[in-house]
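Here is a short report on a multi-chain model. The sequence and structure come next.

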Amino acid sequence: METTSILPLLILISSLIPGTLIMLLREDQVPLRTFLNLLGAVAKVGLVGWVFAGYMRGEEYSFIFNLALDLTFALRVDQLGLFFAALSSVLWLVTTLYAIGYLEGGQHRRRFFAFFSFCVTASTGIALSGNVVTFFIFYEFLTLSTYPLVVHRGTDKAVEAGRTYLWYTIGGGTVLFLGVVGLFVTAGPIYFGQTEIIEGLISTHSTQLTILFFIMLTGLAVKAAIFPLHGWLPVSMVAPAPVSALLHAVAVVKAGAFGIVRLVYDVYGIRIADQMNLLTPLAIFAAFTIVYGSVRALFQDDFKKRLAFSTVSQLSYIALGVAIVGFLSTTGAVVHLVHQGIMKITMFFAAGNIAETYGYSKISQLNGIGRRMPLTMGAFTIAVFGMIGLPPVAGFVSKWYLGLGAVEAGSYWVVLVLLASSALNAAYFLPIVYRAWFCEPDQEAVPLLSSGRLETKALLLIPVVVTGLLSLAAGVFAAVAGSPLSIAREIAEKLYMP
Amino acid sequence: MTDLPTSPFPAFLVGLPVLLATLSLFFRARGKAVVGLAGSLLTGVMALFALFEVTRRGTVIHILGGWEPPLGILLRMDPLAAVFIGMTAVVGIFISLYAWRYFRAQEATTGGFPLFWPLWLFLWAGLNGLFLSNDLFNLFVTLEVIGISAVALAVLSGKKTALVAGLRYLLVAITGSMAYLFGVALIYGSTGTLDLGLLGQVLEPGTTTTFALLVITLGLMIKMAGFPFHFWLPPAHSSALAPVSALLSALVVKGAFYILLRLWMEVFGVSLTYAAGQLIGLAGAIAVIWGSWQAFMQTSLKLIVAHSSVAQLGYLLMIFPLLILAPGVTADSADWLSPAWTAGVYQVIAHAFAKASFFLSAGIIIMALGHDRIESLRDLVGHMRITALAIAIAGVSLIGLPPSGGFMAKWMLLKGIFLSGQWWWAPVVLTGSLLTAGYVFMLLRLAFAPAREKEAFRPVPRSLEVCALVLALGSFLIVLPADNLIQFLQSGEVFGTGIESIMEGGAHGND
Amino acid sequence: MTIHELITVILLVVGCFFFLAGTLGVLRFPDLFSRLHALTKADNLGLGFIAAGMAVYIASPWAALKIFFIWLFTLLASSTSCYLIARFQKEQEQTKNGKEGE
Amino acid sequence: METYQIYNLTSAVLFVIGIGGVFAARHFIRKIIATIIMGGGVFLSFVSFAERDALTFADPVPHALVITGIVVAVASAAFALALARRIYQLTGEESFTNDK
Amino acid sequence: MSVLIDGLLAILAIYLALQSLLAPRLIKSVFLFFAFGLALALAWVRLGAVDVAITEAAIASGFLGVLFLDALRDFSPAFPAKQKNPEAAHNVLVKNNTKSLLLSRIPLGLGLGLFLLIALEAVWKTPEGGGLTAAAEAFLPESGVEHPVTAVLLNFRAYDTWLEIGVILMGLLAIFAVGGIKVYRKPNMAAQDPMLRQVIMFFTPVLFLFGAFLLYFGKTGPGGAFQAAVLWGAIGILLHLGGKSIIEEIPRWLRQLILTVGILFFLVLGFLFVAGGNALFEYPRAYAGLLILIIETLAAISIAAALTAIFANLNQMKEDPNETESIN
């Protein structure tokens with residue numbers, strides 16, 4: 001096939017090795033651990049950047065290792081994968097910084113950072129996997145590496161949440177496993193992009209392929225938190241803020257969404273999927289989840305819970321975009337993968353900052369918080385505008401494309417769903433913004449952290465500002481080459497105009 | 001058959017452990033242990049050399065006494081036997097090292113169980129003999145060697161529960177052996193030979209053959225604790241000493257499976273029926289679900305692990321229906337057989353490593369806590385992180401998550417299931433995985449949970465933890481040579497000519 | 001029927017009679033000691049007759065010697081076991097009256 | 001009916017009696033006896049085939065197998081007996097208390 | 001006529017087997033089991049298997065029967081070793097009778113009945129495989145012995161026999177693992193009882209001679225190591241029962257040597273052949289007869305010692321705690 005390259009493997013190793021080393025360190029070797037962590041994170045961003053540059057020049061990277069007979073471990077770089085890998089690596093760097101600040105002085109940090117690194121390894125592995133089997137391996141690895149993070153606090157509540165999380169994800173993984181093996185047996189080892197294999201089989205194995213599609217979709221829908229398989233997401237909010245941020249913005253939920261994208265576009269192929277009417281049920285469930293998540297979010301007083309239900313809703317934009325056939329909606333779906341990540345991570349950072357600095361975790365406590373933490377809340381507000389879909393923030397771009405795509409495909413009801421969702425987004429996010437900026441604080445709040453001149457610790461503040469700005473920039477500079485939108489367009493172009 | 005290259009290795013693989021076991025009897029307590037450990041290492045190393053020899057020269061044989069079958073007995077070391085012997089060697093070496101340290105640590109209070117060593121070496125000889133044997137009656141003798149030494153090891157602790165469980169185990173084992181032997185008698189009566197290779201050529205289908213197949217299969221299922229004969233396993237395995245539990249579940253039950261696989265593939269190809277396969281598969285399926293569920297309901301670690309063995313052995317039974325296609329069905333792929341039986345072999349290996357590690361970890365925990373009630377596992381991660389890690393890794397392999405050995409086994413099993421068109425087994429495999437995940441993560445959840453009250457964790461030798469961890473890692477590392485291993489297994493015409501009748505059944509549909 | 005065979009038959013019939021008598025004794029006598037008495041004495045005698053009958057029938061001195069030895073050993077064995085069983089019973093009766101056996 | 005056939009049929013009966021005994025009998029000793037009866041059935045089957053296949057002498061292979069088998073069975077039974085007695089001495093139990 | 005005898009014998013064996021399982025009293029079970037063994041031995045003789053008959057009578061019926069009888073000391077109500085669990089006793093003495101056995105086990109009975117029918121059909125329809133008589137006959141001259149069964153046991157299938165010697169040794173080890181069974185027995189019985197002493201003194205040489213005869217005779221006719229071993233083992237048992245005997249005065253290493261010499265010599269000899277380029281147990285044809293005789297003798301010694309030790313371990317005297325460490 002293509003020239004074998006160690007580079008994709010290096011991208012994985014850049015977080016795997018630090019993670020392993022951190023595991024072997026002692027708890028009190030803080031500077032070394034921090035150094036390793038940051039080294040890995042920076043290296044990963046650098047490597048992804050390098051590969052990206054190379055890919056742009058037209059080079060191809062793949063790493064293939066035969067596990068057993070026809071079972072192949074394959075890492076391959078393509079645009080979609082790189083896109084997701086870039087998102088993961090950049091957000092990992094930011095989140096690592098945040099986590100160092102957030103967990104300062106906490107317990108079991110060795111374990112935390114080790115698994116944190118593993119988690120990102122899994123996430124980039126998912127991004128770069130070249131075939132279904134490799135994808136599945138990392139998909140399960142992700143489940144395992146996030147479990148210790150969810151139960152990190154060790155409280156009974158956390159452990160209970162961990163259990164729910166596991167039942168859902170292991171269950172989903174098992175169902176996916178069934179589908180993956182079934183696909184393997186029916187169609188052989190499918191590399192992503194080889195849609196012609198399914199195309200060739202469609203006349204003889206139509207029923208099997210349909211069943212397998214839905215089996216795999218069910219498995220992926222668990223992590224993508226599509227109704228009714230979303231139950232684990234709000235519960236696992238007990239995890240520390242960086243974990244929630246990573247889980248809900250990048251690693252876990254995106255793994256599911258990304259998997260759906262891969263399944264539809266690179267395994268079955270959008271044409272076949274459409275032809276076999278596989279996408280309508282997905283569209284319906286996604287649309288319902290969008291509305292359902294928003295409605296549930298309305299009634300949450302817990303800050304992180306509200307964010308979690310918002311995630312449930314927002315994630316289904318991606319699934320919905322995938323389910324609507326057309327260049328524009330595909331662009332919207334792919335770009336939302338990134339946009340939603342940046343915006344949601346901003347929100348979780350902000351929530352974490354507030355909780356860490358003032359100990360507030362309920363929305364009703366947030367009166368006037370904007371005056372005390374202007375930068376944090378500023379970034380949060382940007383993200384809110386994005387979520388609602390106000391220009392020029394990133395979220396607007398994705399919604400715009402999704403809407404256009406729906407119109408293009410003639411699915412006007414989707415436009416209605418999008419509008420309703422936007423309205424609901426506004427309904428549950430704007431009150432927070434309003435409280436934060438325009439309400440008088442109820443009582444005299446004493447910061448739990450002494451942070452000098454800044455509103456909170458620098459390590460907590462910088463990430464939120466950076467991601468806030470990023471989500472603004474992604475919208476403002478959407479038209480510039482190299483922006484998420486431009487890349488998403490290229491991906492969509494390749495799909496529709498071969 | 002007899003034109004294959006001969007090698008002295010098979011003779012030594014059986015003789016050496018017996019020699020060392022016998023010699024160790026001349027020593028007193030500590031000396032027995034020294035000789036025993038040295039003997040284990042020696043046997044293990046030699047087994048690995050033998051494995052190497054087979055990879056180099058292919059199947060080798062040893063014609064005992066120079067008398068060729070059918071009058072004499074032939075030892076045959078083909079890739080399948082070599083893989084089982086190699087597995088026994090690796091797992092055996094680590095369990096021996098563990099046992100040495102484990103018994104040393106309690107020498108003052110218990111006397112250090114010196115009898116463990118000769119019995120274990122006898123057991124090892126029996127296992128090697130079983131894997132090498134190519135003779136129906138000789139298989140019976142090796143089964144008995146294994147049975148007696150295994151029960152003797154199981155009751156070594158001298159506790160009441162162990163004795164009762166041991167007696168039940170022994171009676172069941174004798175019953176199984178006798179049922180097997182009855183089948184052997186009928187086979188001998190109708191063919192006049194006991195050699196597996198010859199039988200594969202001359203055995204004719206008929207009432208007698210079918211009945212022999214029935215009693216042999218039942219007898220072996222009793223010995224490998226297949227449902228509904230699983231009742232003896234959990235008490236026997238859970239009440240034994242930790243290294244013994246590891247040996248029993250990792251190696252001993254696999255012996256019966258090995259014979260069953262050999263006989264079905266090599267000898268009874270002519271009289272297998274679809275219904276027989278489905279029945280044994282059903283037993284396996286029930287074992288998977290029931291065993292996992294029972295494991296989930298237990299409150300002591302060793303009982304969880306022991307019930308888990310019932311379930312994991314169920315997977316082994318589930319490969320048998322895949323060998324026989326439904327009447328009129330032709331397989332999609334010409335080679336639908338090899339995923340099925342290699343899945344069985346892989347499951348055996350993966351389970352051996354993972355389960356041995358699990359039981360060794362349980363032993364460490366008992367040593368540290370004085371008991372193994374799982375509510376005391378709280379904050380295990382804080383106290384004994386190596387053991388916790390070993391449990392986690394072994395558990396993940398048991399569940400079958402990638403990229404563990406258990407995953408490879410399940411992958412191939414599911415592949416076999418789909419290739420043979422018997423999709424209805426797939427949900428069982430997955431439900432079993434989920435239930436396994438249930439009890440494994442129940443343990444891990446507790447391991448991560450904060451301690452409610454101060455549990456007194458006594459210090460435990462680090463080397464014990466390392467042994468458990470190495471075996472757990474082994475259950476992952478076996479994925480790396482998977483490709484070579486499977487090719488190796490399929491290289492040596494493992495099942496002689498007998499397998500042809502099974503292949504024909506697949507091609508024409510069975511009647 | 002030759003004289004040989006006639007003697008054999010007579011000896012066997014006599015032997016069987018004693019066996020029958022012994023068995024009847026075992027079944028009908030009231031206690032262990034008298035049962036033992038019936039069993040050992042009558043049965044050994046019966047066996048002796050049967051052995052003699054066989055010896056006559058085979059009519060070879062070596063075989064006769066062997067048969068004689070068989071009878072002799074049986075005699076020894078049964079008288080020893082008779083003795084032991086009787087002693088056992090006696091001891092047991094004593095323990096029943098006196099101290100409890102451990 | 002040939003001699004060997006009588007014993008062959010008997011062997012099946014003894015085997016089944018033995019199996020039944022192993023599962024149904026309660027007392028340890030009876031269970032052990034049942035295994036020996038099972039074995040007796042199996043050995044009878046072997047030896048009856050030996051008689052059937054006799055030429056100048058009966059087939060010696062089954063005879064040898066049976067001798068081996070008897071010794072093995074006795075070793076197992078002796079071990080089982082030791083276990084049973086030990087259990088009795090430790091607990092006073094003469095049967096599996098939770099026996100079905 | 002012959003069918004009648006065989007038929008009666010078969011029915012007797014079946015009856016005894018059933019009764020030994022169903023008899024209400026344990027002691028009756030054991031005695032019926034004895035009788036069952038003897039009936040089987042007769043059946044072996046009828047089938048022309050004299051070797052098997054001797055083995056059956058000596059080991060399965062004789063030795064095992066002695067072990068069972070000895071076990072009755074424990075279980076028999078006459079000698080309560082401990083306060084009995086009343087329910088367990090109830091189980092044995094009352095519940096375990098024919099009626100409840102039949103009533104409570106109808107499903108089992110039906111299943112077994114069906115199984116029996118299939119089994120009967122299977123054995124009835126067994127095709128004639130021909131056996132290995134011809135092969136054994138052809139190779140008998142090369143085996144070094146004249147008796148075919150001995151040839152199979154110690155030459156053609158010597159490996160099985162070697163493993164079997166190992167099984168006996170292992171059985172002994174297993175009983176060690178369980179721990180000795182201590183029973184009440186008057187110390188030094190033989191010294192106090194002139195009758196016993198005379199019997200032991202008479203039987204010891206006779207048994208020894210007879211064993212040696214069987215051993216040597218095994219070369220040409222029925223007999224051999226196992227049969228001889230049981231007779232020699234009987235000497236050991238007699239000496240053990242006789243009270244403080246010479247067994248304990250043998251030094252430990254020698255006792256171990258006696259126990260293991262059979263299997264060790266057999267194996268080391270085999271290894272020597274392997275080293276010489278032959279297969280395991282492949283005797284040089286010229287010395288086969290001699291080597292087999294030596295192996296049989298040593299094996300008989302070891303097996304006899306093992307049988308003695310098995311019995312001695314199940315019958316340790318209570319008064320003298322030092323004896324539990326007899327062989328360890």
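Angles under 35 degrees count as roughly parallel, over 145 as roughly antiparallel, 65 to 115 as roughly perpendicular and the rest as oblique. Axes are lines fitted to C-alpha atoms, for helices over the stretch in contact, and angles run from 0 to 180 degrees between N-to-C directions. Helices (H or I, at least four residues) and strands (E, at least two) are DSSP runs, numbered from the N terminus.

This is a predicted model: local features need pLDDT of at least 70, side-chain atom pairs count only at pLDDT 80 or more, and totals for chains, interfaces and linings use all residues. Residues are numbered from 1 along each chain as written, while chains are lettered from A and ligands numbered from 1 in the order written.

**Helix pair in chain B.** The axes of α6(B) (residues 136-154) and α7(B) (residues 160-191) come within 9 Å and cross at roughly 180 degrees. The two helices are therefore roughly antiparallel.

**Chain A.** It holds 20 helices and two strands. Its C-alpha atoms fill a box of roughly 70 × 55 × 45 Å along the principal axes.

**Contacts by class.** Two residues are in contact if their C-beta atoms, placed from the backbone, lie within 7 Å. Ala, Val, Leu, Ile, Met, Phe, Trp, Tyr, Cys and Pro count as nonpolar, Asp, Glu, Lys and Arg as charged, and the others, Gly among them, as polar.

Chain E gives 81 residues to its contact with chain D, and chain D gives 70 residues. On the chain E side, helix α3 (residues 50-75) gives the most, with 13 residues.

| α6(B) with α7(B) | 15 residues | three residues | one residue |
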